[in-house]
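Subject: Structure handover

Hello,

Here is the structure for you to look through. Please open it first, then read my notes below.

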Amino acid sequence: MHDLSALPATAPLAREVPSSWRDWLSVYSVALGAFAFVTTEYLPVGVLPQIADQLDVTEGVAGLMVTVPGIVAAVAAPAIMLGAGRMNRRRLLLLLTLLLVVSNLVSAVSPSLPFMLLGRALLGVALGGFWAVAIAVAGRLVEPSKAAKATALIFAGITLATVFGVPFGTFVSTLFSWRVSFAVAAALALIALVAQALTLPSLPSSEGLKMRALWAFLSRSNARRSMLLLATVVAAHFTAYTYIAPFLGHEAGFSPRETTAILLGFGLAGMLANFAMAGTITTHLRASLGAVVVLMVIAQLALPQLQGWSVTLAVLLWGIAYGTIPLGVSSWMQLTSPKLPEASSAMLVTMFQVAIASGSLAGGLVVDHAGVSAVLWLAAAIGALGLVVMLSFGLSKAPIAETLQR
């Protein structure tokens, strides 16, 4: 997943005593789980050419490793939010993290693409469920006054995985193989599972998302347009980013080690941009989000025309742009329906995963039929469509949300 720090947390349970060291250890265990989930989600991007070669499929078809978990997670997120209210959240988190371990092990030993996609589908179930409950858990692990800090620590795991997830997989595969990359990810998930089992307290179920709130959110025109905005902007990124390793290797001529370094630079640039733009996103959302989407589109349009160090520079600019986009679109979704936070967060997770799945699928079709450079043109076109959707909200500073009539 991605930086969702703008999302509202479910109200924490009241506490009368300060949080203990064990409480904070439980927060760190969930943060470690977040790191493992996002690392696993992004891992195939950096090793896609190697997996495609060994499983004897095209790179476009191998992109289904990103598409399938996105589709499954998009369905799993609201389904689990609607259906898991009676299960103790501690038990649910442990089951979801265990499923992550199994997913990585299945991927590591996959003899064929269908077997690999089974493992990635299991990831999708675990991923959608994890994001459906992790936000609420953060505020319940510590005293109310520390809930925001606990949430920030958990999302720090997401940020670190966004930076290191793809280059980690690429680096391990250059030393050993892509199968070892998945095995190491399974070990990381297992460590998170043990940590959660040792530190998480009992978390009785609380009232979650209701179907009527979800329908109330979906019935509003500005909410639907906000979902379209999120989908187009995020899809514009993943349409091309899923196939960035083949582009850097085949078209730009970089070695696997150089590709690893460039991808690490992409992530670091994104992390720095996320921190640097946090305040600006809050105060000037329209202008900030519009600016970084324009920057992403320009970088994508420029890349097929560039060579050498200028390719690296364009990728870093793209990293700066995308580092701010998840925070921007999540803030936008929150402001769309401030009185329906649970429905907004559920649809944010769903649309983010739909965008990842549709973007990687469309990109794969273009890669196989028109080449890896053409996918950058498609991504830029989708990003431009996102800008058009954003302009439909107008240029004024008026609130994004409409007044609720019901």
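First, a term you will need: helices (H or I, at least four residues) and strands (E, at least two) are DSSP runs, numbered from the N terminus. This is a predicted model, where local features need pLDDT of at least 70, side-chain atom pairs count only at pLDDT 80 or more, and totals for chains, interfaces and linings use all residues. Residues are numbered from 1 along each chain as its sequence is written, and side-chain values use heavy atoms, with hydrogens and water left out.

**The whole chain**

The protein chain has 15 helices and zero strands. Of its 406 residues, 57% are buried. Buried means under 20% relative accessible area, exposed means over 50%, and partly exposed lies in between (1.4 Å probe, protein chains only). The accessible surface is about 15,800 Å², and 70% of that belongs to carbon and sulfur atoms. Those areas come from the Shrake-Rupley method with a 1.4 Å probe; for residues, only the protein chains shown count as cover.

Now contacts, meaning heavy atoms within 4.5 Å. Take those with a separation of 6 or more: residues 24 or more positions apart account for 87% of them.

**The core**

A nonpolar core is a set of buried Ala, Val, Leu, Ile, Met, Phe, Trp, Tyr and Cys residues joined through side-chain atoms within 4.5 Å. The largest one has 115 residues. Trp131, Leu248 and Ile325 are among those with the most contacts inside it. Helix α1 (residues 21-55) gives the largest share, 16 residues. Leaving out residues up to four places away in sequence, Ile325 touches Val233, Leu289, Val292, Val293 and Met296.

Leu248 is also one of the buried residues of helix α10 (residues 244-251). Ile244, Ala245, Pro246 and Phe247 are buried there too. Just after α10, Gly253 takes a positive phi of about 80°.

**Helix α7**

Helix α7 spans residues 178-199 and holds Leu188. Leu188 touches Leu32, Phe35 and Ala36, not counting residues up to four places away in sequence. Leu188 and Val101 are 87 residues apart in sequence, yet 8.4 Å apart in space, C-alpha to C-alpha.

Is Ser181 buried or exposed? Ser181 is buried, because its relative accessible area is 0%. With residues up to four places away left out, Ser181 touches Leu43, Phe168, Gly169, Val172 and Ser173.

**Helix α8**

In helix α8 (residues 211-218), Leu214, Ala216 and Phe217 are buried. Seen down the axis, the buried residues of α8 fall within an arc of 160°, so they line one face of the helix. That arc is taken over the directions from the helix axis to the C-beta atoms. Exposed Arg212 and Trp215 sit on the face of α8 turned away from the buried side.

**The surface**

Trp309, Leu313, Leu317 and Ile320 make a nonpolar surface patch of about 410 Å². Leu313 lies in helix α13 (residues 309-336). Leu313 counts as partly exposed because its relative accessibility is 42%.

Last, look at Asp56, in the loop between α1 and α2 (59-62). Asp56 has a positive phi of about 60° although it is not a glycine. Asp56 is exposed, with a relative accessible area of 71%.

A note on patches: they are made of residues with over 30% relative accessible area and no salt bridge, with like charges joined within 9 Å and nonpolar side chains (Val, Leu, Ile, Met, Phe, Trp, Tyr) within 5 Å. A salt bridge is a side-chain nitrogen of Lys or Arg within 4 Å of a carboxyl oxygen of Asp or Glu.

Best wishes
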